[in-house]
Amino acid sequence: MSMFRSKKLDLGGFVNIKVIRDHTKRKVFAENEPERQALRYIIRNLSLPQRTRAQAQLQLAQMHCYTRPTQIRNRCIEGGKGRGVLRDFKMSRRSSSQYMFRMHALAGNLPGVKKASW
Amino acid sequence: MADAHEIGNHLQKIDLSMDNTPNKKDLDFRLPRSVQAVYLRPLKRQAAYGVPSCDLQMRSYSVRNLEFFADFALRAAYYLGLPASGPVPLPRILERWTVPKGNFIHKKSQENFERRTVRRLIQIKDGNPETVGIWLAFLRKHAYYGIGMKANVFEFSKLGVGKNMDLEMEQMKDTLDKTWSQIGVKKDKRSGPTADKIMELINKEDSRAATHGNAPMVKPPI
Amino acid sequence: MAVPRSRILDLMKVQCRIFSHTFNPEGLRLGNKVLRQRLRGPALAAYYPRKMATFKDLQKAYGDQYENFDEEQEDRLEKIKMIKARGKGAPKKKRTAAESKKFKGKKK
């Protein structure tokens with residue numbers, strides 16, 4: 001959603017609209033996390049009156065979808081791919097005929113990563 | 001004094017090996033003890049109380065660098081008077097990834113990659129917090145390539161730590177401001193007795209000759 | 001020697017007050033699990049590499065106080081000046097539609 005997006009591009013690496021969108025979601029989630037956690041606490045607290053909890057549930061459900069952590073997806077920082085991303089390197093195993101992780105590993109750009117055989 | 005004795009014994013061994021060299025007389029001198037110690041395993045001090053004051057974990061992908069640097073750290077600790085124990089070889093971390101070789105289907109031809117992280121732990125016991133700080137700073141100054149360091153420092157202090165920290169911050173302010181005032185060239189301060197003097201020195205005939213006759217320096221326009 | 005439940009509850013209450021625990025004799029779910037969780041927003045938001053500060057940003061922030069010299073920019077300006085002097089510079093920006101017409105007159 002464009003209202004959340006920063007007015008000036010604040011990303012330094014590979015950029016496409018999917019990456020920008022995901023980055024925006026991350027920032028919005030980080031901003032709203034305390035509020036979400038507070039609502040979650042109220043919902044889970046059985047000692048509070050039922051009405052309060054139901055209200056909290058509604059409020060949580062009505063928050064913007066960008067504030068949800070489930071909207072966040074790890075994307076490749078080298079090619080913006082959303083699938084097959086290795087968490088350790090934030091890099092996809094491949095990206096449209098470029099095998100990001102494999103290429104970098106074989107080129108020796110990833111410290112300590114070697115071809116294994118056991 | 002047992003340590004010195006050992007060094008002496010070792011020196012004799014070194015001398016024996018030197019007997020075979022042709023110009024024996026030239027080499028027949030005793031190296032300083034500290035230099036002799038370099039040929040031996042690092043010396044260690046005994047901890048009187050055994051209260052841990054710092055845990056230093058070092059990680060690397062290559063054992064050789066790590067061993068070398070752990071040795072260096074132990075020697076540094078000895079000469080700073082810190083009782084150190086270690087290096088304890090901690091279990092190495094083995095990570096493996098398997099990815100398809102190609103970029104499309106062909107799941108049957110894959111490739112394996114791995115990363116082995118080796119770790120060493122050095123524990124300092126009964127260390128004065130200040131000395132431990134110096135030791136850590138020294139290690140960081142002479143940091144070796146490809147080695148990551150992580151230190152847990154334990155300190156014991158009286159109650160009211162937060163208040164003391166606030167006080168210290170207040171005292172630090174003067175020093176900090178002094179340092180900040182030295183950063184960069186302020187526009188309103190570029191003409192002054194010091195700046196003029198420096199300009200004069202730089203533009204002197206001999207100093208220009210020493211820097212291969214550069215053109216005289218002028219002040220940039222505002 | 002059966003101790004009445006109320007006395008045990010009192011004891012628990014005092015115990016909880018002293019050790020600052022939560023007094024919860026019925027074992028209700030109080031949602032404290034949520035409070036114990038750490039906030040993961042900052043870690044998640046730091047995933048992508050952010051834009052680094054450029055020289056222009058620095059100039060904008062400190063340019064009016066400190067001396068600065070952007071070598072690349074100065075080089076560029078100098079080069080443009082030399083090109084212009086030889087008459088090989090970029091053409092002027094066309095402001096109106098009539099000016100921007102590539103071929104004037106002939107076509108009808």
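**Chains A and C**

I began with the interface of chains A and C, in a model that is predicted, and found 24 residues of chain A in contact with 18 residues of chain C, where contact is taken to be C-beta atoms, placed from the backbone, lying within 7 Å.

For my own bookkeeping, residues are numbered from 1 along each chain as its sequence is written, and chains are lettered from A in the order in which they are written. Local features need pLDDT of at least 70, side-chain atom pairs count only at pLDDT 80 or more, and totals for chains, interfaces and linings use all residues.

**Chain A by itself**

I looked up the make-up of chain A, which has 3 helices and 3 strands, following the pattern α-α-β-β-α-β along the sequence; helices (H or I, at least four residues) and strands (E, at least two) are DSSP runs, numbered from the N terminus. Of the 118 residues in chain A, 21% are buried, a word that asks for 20 or more other C-beta atoms within 10 Å of the residue's own, while exposed asks for 12 or fewer and partly exposed lies in between.

I then checked pLDDT, the predictor's confidence in each residue on a scale from 0 to 100: its mean for chain A is 86, and 95% of the residues reach 70 or more.

**Two helices of chain B**

I followed helix α4 (residues 63-79) of chain B to where it packs with helix α5 (residues 129-141) of chain B, at an angle of about 145 degrees and with the axes 10 Å apart; the axes are lines fitted to C-alpha atoms over the stretch in contact, and angles run from 0 to 180 degrees between N-to-C directions. The contact is made by B:A73, B:A76 and B:A77 of α4(B) with B:W135, B:F138 and B:L139 of α5(B), and these divide into 6 nonpolar, no polar and no charged residues.

**Positive phi**

I noted B:H106, whose phi is near 45 degrees, a positive value in a residue other than glycine, in the loop between β2 (84-100) and β3 (110-125) of chain B. B:H106 is exposed, with 10 other C-beta atoms within 10 Å.

Definitions and conventions:
Two residues are in contact if their C-beta atoms, placed from the backbone, lie within 7 Å. Ala, Val, Leu, Ile, Met, Phe, Trp, Tyr, Cys and Pro count as nonpolar, Asp, Glu, Lys and Arg as charged, and the others, Gly among them, as polar.
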